[in-house]
Amino acid sequence: MKKIILSTFFTLGAIALSNAQQLKIVNYNNNIVEYGNIEKGSEGKRIIKIENTGDKPLIISNIKTSCGCTVPSWTTTPIAPGKKGEIVVTYNTSIVGNFNKTMVISSNDVENPVLNVTVQGKVN
């Protein structure tokens, strides 16, 4: 009897998790925002399209960056299932040289509540 109850509990738990909200980055591969080679003083803004691939509202609670030279802003309202939002990241292009920064996105995604995104390129 205990085995049946435990089996039912784990099955219901797996179903609940499979139907939860999920954060997916749509327009960048491997969670890397690639700036490439950009000119000093040029536009440092990139838009990261995100999608909620689950069936419950997705909420991005915070985004931290590894450096003050990378500034994010994001959709603060819940993203409905199947809908999209965006993260706008701005890199300070007055700093010449290669850059490789990290953004840590915190959300209510049950499977991946913390998602690391790399922002990289070179300012000439």
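Which residues form one aromatic cluster? Tyr35, Tyr91 and Phe99 do. This tour of a predicted model goes to the sheet, then to the rings.

Select strand 1 (23–25) and strand 5 (70–74), the edge strands, each of which pairs on one side only. They belong to an open sheet of four strands, ordered 1-3-6-5 and paired in antiparallel fashion. Looking across this sheet, neighbouring strands are turned by 30° against each other on average, direction ignored.

Next, select residues 45–52, which are strand 3, together with residues 84–91, which are strand 6. These two strands run antiparallel and are joined by seven bridges. Within the pairing, find Ile48: Ile87 in strand 6 stands opposite.

**The aromatic rings**

Three aromatic pairs are found in a search of the whole structure. For one of them, show the side chains of Tyr35 and Tyr91, an edge-to-face pair with 6.3 Å centre to centre and 65° between the planes. This pair links distant parts of the chain, since Tyr35 sits in strand 2 (residues 32–38) and Tyr91 in strand 6, 56 residues apart. Tyr35 has a relative accessible area of 6% and is therefore buried. Tyr91 is buried too, at 4% relative accessibility.

Like Tyr35, Phe99 is buried.

Definitions and conventions: Residues numbered from 1 in each chain as written. Predicted model: local features only at pLDDT ≥ 70, side-chain atom pairs only at ≥ 80, totals over all residues. Heavy atoms only, no water. Pairing = 2+ DSSP bridges. Axes fitted to C-alpha atoms, helices over the stretch in contact; angles between N-to-C directions. Phe/Tyr/Trp six-rings, centres within 6.5 Å; stacked < 30°, edge-to-face > 60°. Buried < 20%, exposed > 50% of the residue type's maximum accessible area, 1.4 Å probe, protein only.
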